[in-house]
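Here is a short note for a colleague who is opening this model for the first time. Please keep the sequence and the structure in view while reading the points.

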Amino acid sequence: MGRTYFVEEAVGQYLSDLSTKLKPYVTGLLIGQCSLQRDYVIWAVRTPPKEEQKEDGISPSKLASIDEEWITTHASQVSRMLPGGLLVLGVFIIATPELSKDSQNALRKLIFSVEKSLTKRRLWKPAEEEVSDRAALQICSATKKVVCRTYDVQDPKSSAKPADWKYQSALSASWLALDCTVNVNIHIPLLATSPNHDLEKNTKTGLNRWSKQIEDSVFLINGQVKDDDTELLEGQKKLRGNTQSSTQFSDVKVLTQLSQGSSHRSTATVQVCSASINLKGAVKCRAYIHNNKPKVKEAIQALKRDIINTLSDRCEILFEDLIINEGPHRKNFEREYHVLPQRLFVPVAGSSVMLSDYKFGDETTGEIQERFVEMLDQSVQAEDIHIGEEINTVNICPVTDNMDDTQQKQLTKGTLLLKLQQNMGVVIAAAVAVFASIFSFNYFSD
């Protein structure tokens with residue numbers, strides 16, 4: 001028996017509009033949530049036209065001309081704008097009857113390419129029982145016939161399986177939301193023996209270690225530790241019979257383990273480092289979960305992934321911004337800090353689920369609105385853009401060898417520990433940030 005996709009009615013209208021406007025074909029992404037029982041599609045997003053297509057106003061006439069790299073890049077950008085619990089769960093093609101016979105092959109190729117691109121960026125591993133089927137939706141622009149099939153992306157030789165495509169009104173009007181703020185303090189030393197410091201690679205390595213801490217953390221939902229297999233809403237009143245958009249929020253606290261259990265052995269390694277990267281501040285995290293008797297395990301997993309994704313995505317965005325503004329071969333990284341982009345949330349009509357994005361301090365509201373139109377084909381009102389985090393001041397406090405007595409007394413206990421490490425040949429900087437999303441590069445020569 002194949003999978004069943006429950007689809008927001010607005011998605012059907014969106015796809016119908018695309019079929020009349022864009023010919024001979026149009027591709028796009030299906031966005032929603034997978035669960036063991038059923039899958040949900042709450043948005044569809046067409047692939048944005050390339051610059052030359054905008055200028056010429058001409059669309060490619062053959063499926064062979066589909067730009068796979070362009071579509072996978074779009075999928076990566078879109079995945080950054082999704083809160084926890086949501087993912088790109090398929091690809092669609094709307095094509096004329098003449099192109100329909102080749103559509104399924106094109107869809108299969110795109111599904112595996114998109115999944116490969118998204119998996120490459122993730123710092124978390126899928127669970128053993130995770131749904132690995134992805135939807136391939138084919139629509140004939142003339143007859144409006146809809147054919148939905150799935151492919152198992154964990155199996156490169158997977159063949160198409162039939163799937164049901166069912167529209168439903170107010171599908172995500174009362175989904176559940178989990179909110180938390182996570183304090184981050186990650187120190188990533190850069191080895192003196194490295195011939196060159198690949199900042200992006202080293203940052204990802206440090207984030208990988210940190211992501212394992214998040215995976216092992218304890219999550220308190222509304223102040224309680226709940227069993228994984230209990231229903232999330234157990235003991236709470238469920239919103240019923242409400243087709244208007246409304247969200248039931250749960251406040252979550254994340255307790256990170258300071259040390260491993262007694263069953264784990266650990267060793268300390270002393271390494272000579274010439275520089276370090278510090279990530280310090282607080283990040284706003286949010287996950288959404290369907291309201292069809294969701295388990296605590298599903299909700300916590302969605303939130304864990306959002307915590308990991310939001311920090312990783314911000315670092316990626318920062319590196320991309322640095323490359324664009326300062327070039328790929330930057331030199332003289334002696335000492336500096338950068339503020340990571342802030343997270344923002346935007347409501348979508350008819351849904352309780354909000355979209356997400358990131359902005360730098362110098363970005364205008366107009367630029368954010370343009371990005372939503374370009375990436376998600378969504379018009380956003382300026383007053384609907386909600387910044388999830390405040391900008392706070394940052395002070396970088398390097399540890400030096402020529403301090404007077406007064407300065408020495410001002411050192412905190414943490415900085416004194418760092419000073420001891422420096423005397424052993426490990427050069428580390430101490431950064432102080434007041435609950436902002438901060439990314440600081442600190443470099444000091446021996």
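1. How many residues has helix 1, and how far does helix 1 reach from its first C-alpha to its last? Helix 1, residues 9–21, has 13 residues and reaches 19 Å, close to the 18 Å expected at 1.5 Å a residue, where the expected span is 1.5 Å times one less than the number of residues.

2. This is a predicted model, in which local features need pLDDT of at least 70, side-chain atom pairs count only at pLDDT 80 or more, and totals for chains, interfaces and linings use all residues. Residues are numbered from 1 along each chain as its sequence is written, and side-chain values use heavy atoms, with hydrogens and water left out.

3. S158 lies in the loop between strand 6 (146–152) and strand 7 (161–162), and S158 counts as buried because its relative accessibility is 7%. Leaving aside residues up to four places away in sequence, S158 touches R108, F112, Y151 and D152, a contact being heavy atoms within 4.5 Å.

4. As for confidence (pLDDT, the predictor's confidence in each residue, from 0 to 100), the protein chain has a mean of 80, and 77% of its residues reach 70 or more. Over residues 391–446, however, pLDDT stays under 50.

Terms used. Helix = DSSP H or I, 4+ residues; strand = E, 2+ residues; numbered from the N terminus. Buried < 20%, exposed > 50% of the residue type's maximum accessible area, 1.4 Å probe, protein only.
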